[in-house]
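Please look over the sequence and the model before reading on.

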Amino acid sequence: MNRPAVRAVPVCDVEDLPVGEGRTYVVDGEQVALFRHRSGRVSAVQAACPHAGGPLADGQIDETVVVCPLHLTAFDLTTGESAGGEGSIAVHPCRVTAGGRVEVSL
């Protein structure tokens, strides 16, 4: 079975993402939450918490987790797993180009 090729989709300028906060963008028809960490790293995950659709971009982050603002469930930004075993979220590969654009692959 052939899988479609994964392509990086330009989403925004890295400067559009405030350090330590998240923003939601639509990428190829899917809502994605982007976070810019204090280290400069950018993370991308599904935008809605799987429990009740909480807006993950509004959650608190550190270098490793995002916390759902509705349920206070922490999700690992690398694996998508929840700290308490309540399920997981999709994590999307992303990068910042040399020109400062954030690209996400779904």
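With which residue does Arg-41 form a salt bridge? Arg-41 forms it with Glu-63, and the closest N and O atoms are 3.6 Å apart; a salt bridge is a side-chain nitrogen of Lys or Arg within 4 Å of a carboxyl oxygen of Asp or Glu. Because Arg-41 lies in the loop between β3 (30-36) and β4, and Glu-63 in the loop between β5 and β6 (65-67), the pair ties together parts that are 22 residues apart in sequence; strands are DSSP runs (E, at least two residues), numbered from the N terminus.

This is a predicted model, in which local features need pLDDT of at least 70 and side-chain atom pairs count only at pLDDT 80 or more, while totals for chains, interfaces and linings use all residues. Residues are numbered from 1 along each chain as its sequence is written, and side-chain values use heavy atoms, with hydrogens and water left out.

The structure holds six salt bridges, including these:

| Pair | Closest N to O |
|---|---|
| Arg-23 and Glu-21 | 3.2 Å |
| Arg-41 and Glu-63 | 3.6 Å |

Glu-103 is buried, with a relative accessible area of 15%, whereas Arg-95 is partly exposed at 47%; buried means under 20% relative accessible area, exposed over 50%, and partly exposed in between (1.4 Å probe, protein chains only).

Asp-58, in the loop between β4 (42-46) and β5 (60-61), is exposed, with a relative accessible area of 55%. The C-alpha atoms of Asp-58 and Gly-80 are separated by 17 Å.

Definitions and conventions
Helices (H or I, at least four residues) and strands (E, at least two) are DSSP runs, numbered from the N terminus.
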